[in-house]
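Hi there,

Here is the structure I promised to pass on. My notes on it follow just below.

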Amino acid sequence: MEIAMHLFGVQTPQPAFSRRHLHCQLLSSQKHLHFATSVASASGLRCRIVQNCRSWRVLRVSCEERIVDVLKRNKTKNQICDGALNELTCVMKFGGSSVASADRMREVADLILKFPEEKPVIVLSAMGKTTNKLLLAGEKAVSCGISNVSDIDELSCVKELHLRTMDELGIDKSTVSTTTKAIAQVKELTLRTKDYLVSFGECIALLMISMIMTNYDTIILQYDAFDIGFITTDDFTNADILEATYPAVAKRLHSDWISDPAIPIVTGYLGKGWRSCAVTTLSRGGSDLTATTIGKALGLQEIQVWKDVDGVLTCDPNIYPLAEPVPHLTFEEAAELAYFGAQVLHPQSMRPAREGDIPVRVKNSYNPKAPGTLITRSRDMSKAVLTSIFVKRNVTMLDIVSTCMLGQFGFLAKVFLIFEDLGISVDVVATSEVSISLTLDPSKLWSRELIQQASELDHVVEELEKIAVVNLLQHRSIISLIGNVQRSSLILEKVL
């Protein structure tokens, strides 16, 4: 049993790339793709690679309000044959650092093909820090004016990275001037627009990896998660996956695999709002959740999460460089670690794996021979004492004190009703006879503008002060100890 103790692109034969309000034209003189858009909504990305022989390959890209098209091609000697075992076996998810350059993308493609016995589903993140830079570019576009959009440093960095990568991969240069001009025109960057903006990072990475795999004479199927059944809430930038996702994803991927066995490659991090039908994102690091959702939906044998570290570590290596990988964790331990400071996994990613009882293996794409960390339903805890120590920074803490709590009912309900009305998630709670100490989930607050954060916190304090004395403490940290609950006394003895 576990315990968590908390101490406070390519040239196209037909230039067609469009979303509902996204338009593009290939200028033959410049060989660049230029994009503009007027609103933040989008339908999905639909990609098709047509390969008739090894001597030529064509990428036809279009984005319409329809389901993902499948790849149609003639089979070659290196492609999956009809006599192969007709079952997908695992998910292989690669994070941004794993596909951060042309060399890294080649190595990832080689890594995928090193396991011929596997029939994987590939999940990809955007290159390197693309998502961060796109968000910063969007924020700057609000006030810079449409004529100055091309001068935004972050947007230039994103363009330069992708153009350089395409050049090194031998792919005809294509680039995306995303929605920044439209943002500059309307002088507004909503959460919905942010999700639409950052979705291009995953889509472009998907295209580049797909072209590498095609050059290796490998059959692939490209999918935008937006189109294959990832149905989410409409909480833009922090959406949750709905139960309807699992049968929809299973039906689509399984039926395509049966009719045309190939390696499916899926964009991570993205979904479709069930009311708005707009692009949503699963909060930062959400590609992990994409991978485990696919694993559960298809009932696969294993989910592999490929990172830039040798597994889940005993502590933050930036604080203690001698941190070591943990060989084995339970789903509960991994979820606690992810939620309370470990940056290796998405906090919600363990839920689908636990519900489907599918092992998760965290591996290092830079060091594939390292054993990594295996996460399963249970493990031998007889010799386990303390597994990991992590810290969660930038936490807001509230001390709520009231003598009205003594012998009364309904007081806690009143307190938490205030947070529910404001849509603020409570993180850790500790109570006594006359007080409540709680922390607020920073990931929920970070998705809001700073001014909105301050306003909401002021409102929380104002409402709570009607029933209690409130002390607001900001920029605090939570230290989390993940260990064996049966030996908690020994852990506390050593810590305190």
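In the contact between α3 and α5 (heavy atoms within 4.5 Å), H162, T165, M166 and L169 of α3 meet I204, M208 and I212 of α5. By class, that contact has 5 nonpolar, 2 polar and no charged residues (Ala, Val, Leu, Ile, Met, Phe, Trp, Tyr, Cys and Pro count as nonpolar, Asp, Glu, Lys and Arg as charged, and the others, Gly among them, as polar). The axes of α3 and α5 come within 11 Å and cross at roughly 5 degrees (lines fitted to C-alpha atoms over the stretch in contact, with angles from 0 to 180 degrees between N-to-C directions). The two helices are therefore roughly parallel to each other, a term for angles under 35 degrees.

Before the rest, please keep in mind that this is a predicted model, where local features need pLDDT of at least 70 and side-chain atom pairs count only at pLDDT 80 or more, while totals for chains, interfaces and linings use all residues. Residues are numbered from 1 along each chain as its sequence is written, and side-chain values use heavy atoms, leaving out hydrogens and water.

On to α1: A102, R104, M105, V108, A109, L111 and I112 are its buried residues (under 20% relative accessible area, 1.4 Å probe, protein chains only). Among the elements covering them are α3, α5 and β14.

Best wishes

Technical notes: Buried < 20%, exposed > 50% of the residue type's maximum accessible area, 1.4 Å probe, protein only. Helix = DSSP H or I, 4+ residues; strand = E, 2+ residues; numbered from the N terminus. Parallel < 35°, antiparallel > 145°, perpendicular 65-115°, else oblique.
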